[in-house]
Amino acid sequence: MRQKNGFWSKIPNWVWVLISAACAVGLWLFASGKWPAVFASPAEVWEAFRLRAESGNIWVHTWASLSRVLTGFGLAFVVSIPVAFLMAWYDPFRHIIEPWIQFVRNIPPLAYVFLIIAGLGIGQTAKITVIFIAAFMIMVVTIYQGVKGVDVTLIKAARVLGAKQRDIFFKVTIPACTPFILVAARLGLSTSLTTLMASEIIGGDKGLGMMIQQASGYYQMDVVLLGILMLGIIGICFEKIVRFLERRLTGWQETIQQ
């Protein structure tokens with residue numbers, strides 16, 4: 001593979017971040033000038049943030065959404081790991097469960113959110129349940145593929161060396177599946193955020209989704225953009241956390257620098 005020794009490779013990553021941010025702000029200013037009725041300017045969004053930060057309103061909405069995402073994702077993550085391993089190890093279990101997963105996975109969350117809210121109400125439980133279902137579906141499939149893809153040669157070699165089943169599970173299977181588990185976590189967090197909107201716009205009094213819906217009803221586009229930006233910031237923070245864990249837990253893997 002050709003080594004990157006050119007001019008562009010010598011530019012630090014933080015410089016690229018600044019250039020990208022400057023391009024985003026420039027595009028935002030252009031859009032706000034071209035379509036002012038749709039895109040509020042950065043100054044207007046900042047003013048909306050300042051007013052809501054002083055009153056504490058924005059933090060209430062942010063924490064409500066963040067707690068729902070983390071709770072739904074956390075429950076889905078804990079449940080998806082044993083289910084994925086059982087699907088990979090026991091064919092009868094997989095033949096029964098996999099059709100259910102494939103069926104529900106292809107249904108948009110907005111389609112069954114009404115059914116869940118009708119049964120559980122518009123409270124916290126219903127919103128967390130919707131997020132749990134969506135995140136679980138994507139994570140269990142990803143982790144299952146990782147377990148099925150474990151190199152059989154490694155398992156056979158461990159058995160030849162006298163490893164017990166417990167040692168094979170914790171020292172061979174789990175490390176080999178860790179990259180897939182982290183990919184599943186990344187996809188699950190992203191799915192949780194997108195599903196959050198579907199669960200919050202239906203009902204409730206707190207949350208970024210509800211704030212966006214209420215602001216759009218009054219055509220407060222600065223608040224709408226503020227809510228969208230807050231969701232994007234939360235998503236980037238999740239991404240950084242998962243990448244940090246990937247570097248710490250899968251540093252033994254050989255990677256190709258592109």
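Eight is the count to start from: the structure holds 8 salt bridges, a salt bridge being a side-chain nitrogen of Lys or Arg within 4 Å of a carboxyl oxygen of Asp or Glu. The structure is a predicted model, in which local features need pLDDT of at least 70 and side-chain atom pairs count only at pLDDT 80 or more, while totals for chains, interfaces and linings use all residues. Residues are numbered from 1 along each chain as its sequence is written, and side-chain values use heavy atoms, with hydrogens and water left out.

Glu54 is exposed at 59% relative accessibility, whereas Arg50, at 31%, is partly exposed. For these words, buried means under 20% relative accessible area, exposed over 50%, and partly exposed in between, with a 1.4 Å probe and protein chains only.

Helix H2 itself covers residues 42–55, which makes 14 residues. From its first C-alpha to its last, H2 reaches 20 Å, close to the 20 Å expected at 1.5 Å a residue; the expected span is 1.5 Å times one less than the number of residues. After H2 comes Gly56, whose phi is positive, near 85 degrees.

Arg186, Glu239, Arg243 and Glu246 are linked in a network of salt bridges. Arg186 is partly exposed, at 26% relative accessibility. Arg243 and Glu239 also meet in a salt bridge, at 3.2 Å from N to O. Both of these residues lie in H10, 4 residues apart, or about one turn of the helix. Arg243 is partly exposed with a relative accessible area of 39%, and Glu239 is likewise partly exposed, at 24%.

Tyr219 counts as exposed, at 53% relative accessibility. For context, most residues other than glycine have a negative phi.

The aromatic side chains come next. The structure holds 7 aromatic pairs, where rings of Phe, Tyr and Trp (its six-membered ring) pair if their centres lie within 6.5 Å; planes under 30 degrees apart count as stacked, over 60 as edge-to-face and the rest as tilted. Among them is the tilted pair of Trp35 and Phe39, 6.3 Å centre to centre with 55 degrees between the planes. Trp35 is partly exposed at 44%, and Phe39 is partly exposed at 32%. Phe85 and Trp89 form another aromatic pair, this one edge-to-face, at 5.3 Å centre to centre and 65 degrees between the planes. Both residues lie in helix H3 (residues 57–89), 4 residues apart, about one turn of the helix. Phe85 is buried, at 4% relative accessibility, while Trp89 is partly exposed, at 43%. Ring pairs also link Phe30, Trp35 and Phe39 into a cluster.

A cavity is a set of points on a 1 Å grid over the protein atoms alone where a 1.4 Å probe fits but cannot get out, and its lining residues have an atom within 4 Å of a point. Grid points are joined across faces, edges and corners, and a volume is the space filled by probe spheres set on the points. The count comes to 1 cavity of 30 Å³ or more, and about 50 Å³ of space lies in the largest cavity. Its lining is made of Met87, Glu98, Ile101, Gln102, Val140, Val141, Tyr144 and Gln145. Helix H4 (91–105) and helix H6 (124–148) each supply at least two of the lining residues, and H6 gives the most, with 4 residues. By class, the lining has 5 nonpolar, 2 polar and 1 charged residues; Ala, Val, Leu, Ile, Met, Phe, Trp, Tyr, Cys and Pro count as nonpolar, Asp, Glu, Lys and Arg as charged, and the others, Gly among them, as polar.

Key: On a 1 Å grid over the protein atoms alone, a cavity is a set of points where a 1.4 Å probe fits but cannot get out, and a pocket is an open set with protein on both sides within 12 Å along at least five of seven lines; lining residues have an atom within 4 Å of a point.
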